[in-house]
Amino acid sequence: MSPSLSTSWSAVKTAVSRISAPAKALSNEELVRRCQTDPYPDRMAFEELVCRYRPNVEKVLYHLAPDWQDRADLAQEVWIRVYRNVHRLSEPAKFQSWLSRIATNLFYDELRKRKRSTSVVSMDAPLSFGDSEIEWEIAAPDPEPSETPDRQEFYSQLKGAIAELPEAFRTTIVLREIEGMSYEEIAEITGSSLGTVKSRIARARQRLQLQLQPYLESA
């Protein structure tokens, strides 16, 4: 087979696979790339992305703004921003962190509009606190149905404790423990220094640990 014919057949196979491959069969990165090929995202691919990542968006907004009654509207706005800007994402493999950044930035935008004041200066003071991971399994906003009553009570208390954190600290602990982001990514998203991010996470962990100590001891 001549090189030119081989190249042509390769292009045909690529085109055929693009037409025939259902969105559900594509990887997350492939879905993002399909959404970037035309001026407007491919409808089927975008709907599949929404289906796969909707829980992530809802989870982030739930923990960032637990007392806001319009979280569903915020989630919708997140996806509107994704639809309008997905072609700008240069690294499709980083879609989830990019999506979390959009949700977090939207939260901050709304927070500024509502002029909600928070006192975080005292908690930002230098603190010597180890970066040991506290395995509280807080990635899920709700316990599994099979969890014991004691474990369900722990989840309930944990959600309340996270909700009571000042916004800046709630944001960092959510992005770190729930989204699994690195300190560097959190610093970029929140516009804070690396030292500030580490300090806030350490203090948030310490505060949660103190509030949940009775439940941790009985676990």
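Rings of Phe, Tyr and Trp pair if their centres lie within 6.5 Å. The views below come from a predicted model.

**View 1. Ring pairs link three aromatic residues into a cluster.** The members are F46, W79 and Y83. A search of the whole structure finds 6 aromatic pairs.

**View 2. The rings of F107 and Y108 form a tilted pair.** How is a pair of aromatic rings described? It takes the distance of the centres and the angle of the planes. For F107 and Y108, the centres are 5.7 Å apart and the planes meet at 55°. Planes under 30 degrees apart would count as stacked, and over 60 as edge-to-face. Are the two residues buried or exposed? F107 has a relative accessible area of 1%, so F107 is buried. Y108 is buried too, at 16% relative accessibility. The cut-off for buried is under 20%.

**View 3. Helix 4 packs against helix 5.** Helix 4 covers residues 71-85, and helix 5 covers residues 95-114. Their axes lie 10 Å apart, at an angle of about 125°. That angle makes helix 4 oblique to helix 5. The crossing is right-handed. Which residues make the contact? Helix 4 brings L74, E77, V78, W79, R81, V82 and N85. Helix 5 brings F95, W98, L99, I102, A103, L106, D109 and E110. W79 of this contact also belongs to the ring cluster with F46 and Y83.

**View 4. S100 is a buried residue of helix 5.** Its relative accessible area is 4%. What does S100 touch, beyond residues up to four places away in sequence? The partners are E179 and M181.

**View 5. I186 is a buried residue of helix 8.** Helix 8 spans residues 183-190. The relative accessible area of I186 is 0%, so I186 counts as buried. Leaving aside neighbours within four places in sequence, I186 is in contact with T172, L175, R176, M181, V197 and I201. How far is I186 from S97? The two are 89 residues apart in sequence, yet 9.6 Å apart in space, C-alpha to C-alpha.

**View 6. Two charged residues sit over aromatic rings.** K198 lies over the face of Y183, 5.7 Å from the ring centre. R200 places its charged end over the ring of F169. Here the distance to the ring centre is 5.6 Å.

Technical notes
Residues numbered from 1 in each chain as written. Predicted model: local features only at pLDDT ≥ 70, side-chain atom pairs only at ≥ 80, totals over all residues. Heavy atoms only, no water. Helix = DSSP H or I, 4+ residues; strand = E, 2+ residues; numbered from the N terminus. Buried < 20%, exposed > 50% of the residue type's maximum accessible area, 1.4 Å probe, protein only. Contact = heavy atoms within 4.5 Å. Lys NZ or Arg CZ within 6 Å of the ring centre and 35° of its normal. Axes fitted to C-alpha atoms, helices over the stretch in contact; angles between N-to-C directions. Parallel < 35°, antiparallel > 145°, perpendicular 65-115°, else oblique. Left-handed = near helix turned anticlockwise from the far one by under 90°.
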